[in-house]
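Hi there,

Here is the structure I promised to pass on to you. Have a look at it first, and my notes follow just below.

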Amino acid sequence: MCIRVMESDCRIPMSCLRPRILALHALFWGLVSLRVFGAALLSDEKPAVAVTKAMTAPCWQLEEFVVAKECSACEGFHSKSIPACSQTGFVETINCTKSNREEFKSCRSAKMEEHLFWKFEGSMLALTVVFAIVVVVRQRSLDRQASDKVRRQIECI
């Protein structure tokens, strides 16, 4: 028995509308939005604190400075005693020219940047491989469906 269906094959497959798949999509996009907007929600800065911070800003934000010691990793004692160490784990010593104060400024080291770069490159390579496999599998599935459809049409003749 041949059923001739002239509808378009460009629809969302019913398998994508299963509750499990929809729940996974909702979970994924929920995690993505939480990651994006979570930093704003968990931020410690409040409007009253921002005014106080403007009055007690570090000298390197208000005037010119000279780097006394290049960016280096914080040692055990410094990581707990210097607040700038807690941000990146690296700190540089700054001498402000007008006030002649010595302060610490958080910085990013070249070694840390290189590590982050290769981590990013590795994740992009892994994603490329995963999506290439998905494309190949999907293309084989579509080819199989097309050949089955042609075979059914030939059987009806």
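Let me start with a question: which residue takes a positive phi in the hairpin of S2 and S3? It is Asn100, with a phi near 55 degrees, and the hairpin has 5 residues between its strands. Please keep in mind throughout that this is a predicted model.

S2 covers residues 90-96 and S3 covers residues 102-106, and the two pair in the antiparallel sense over 5 bridges. One of the residues to look at here is Asn95, whose bridge partner in S3 is Glu102.

Asn95 also turns up in the surroundings of Val66: leaving aside residues up to four places away in sequence, Val66 touches Thr93, Ile94, Asn95 and Thr97. Val66 itself belongs to strand S1, which spans residues 65-73. Although Val66 and Thr97 are 31 residues apart along the chain, their C-alpha atoms are separated by 7.1 Å. With a relative accessible area of 46%, Val66 is partly exposed.

For the overall picture, the protein has 6 helices and 3 strands. Read from the N terminus, the order of elements is α-α-α-β-α-α-β-β-α. The protein has 157 residues, and 13% of them count as buried. Its accessible surface is about 13600 Å², with 65% of that belonging to carbon and sulfur atoms. Among contacts with a separation of 6 or more, 44% are between residues 24 or more positions apart.

Now to helix H6, residues 110-156, where Met124 is found. Met124 is partly exposed, at 36% relative accessible area, and is one of the residues in a nonpolar patch on the surface. The other members are Phe120, Leu127, Val130, Phe131 and Val134, and together with Met124 they have about 560 Å² of accessible area.

Finally, the aromatic rings. The count comes to 1 aromatic pair. That pair is Phe117 and Trp118, with ring centres 5.0 Å apart and planes at 75 degrees, so it is edge-to-face; the cut-off for that label is an angle over 60 degrees. How accessible are the two partners, Phe117 and Trp118? Phe117 is partly exposed, with a relative accessible area of 42%, whereas Trp118 counts as exposed at 53%.

Do write back with any thoughts once you have had a look.

Best wishes

Notes. Residues numbered from 1 in each chain as written. Predicted model: local features only at pLDDT ≥ 70, side-chain atom pairs only at ≥ 80, totals over all residues. Heavy atoms only, no water. Phe/Tyr/Trp six-rings, centres within 6.5 Å; stacked < 30°, edge-to-face > 60°. Buried < 20%, exposed > 50% of the residue type's maximum accessible area, 1.4 Å probe, protein only. Patch = residues over 30% accessible without salt bridge, like charges linked within 9 Å, V, L, I, M, F, W, Y side chains within 5 Å. Areas by Shrake-Rupley, 256 points an atom, 1.4 Å probe, with all protein chains shown as cover. Salt bridge = Lys/Arg side-chain N within 4 Å of Asp/Glu carboxyl O. Helix = DSSP H or I, 4+ residues; strand = E, 2+ residues; numbered from the N terminus. Contact = heavy atoms within 4.5 Å. Pairing = 2+ DSSP bridges.
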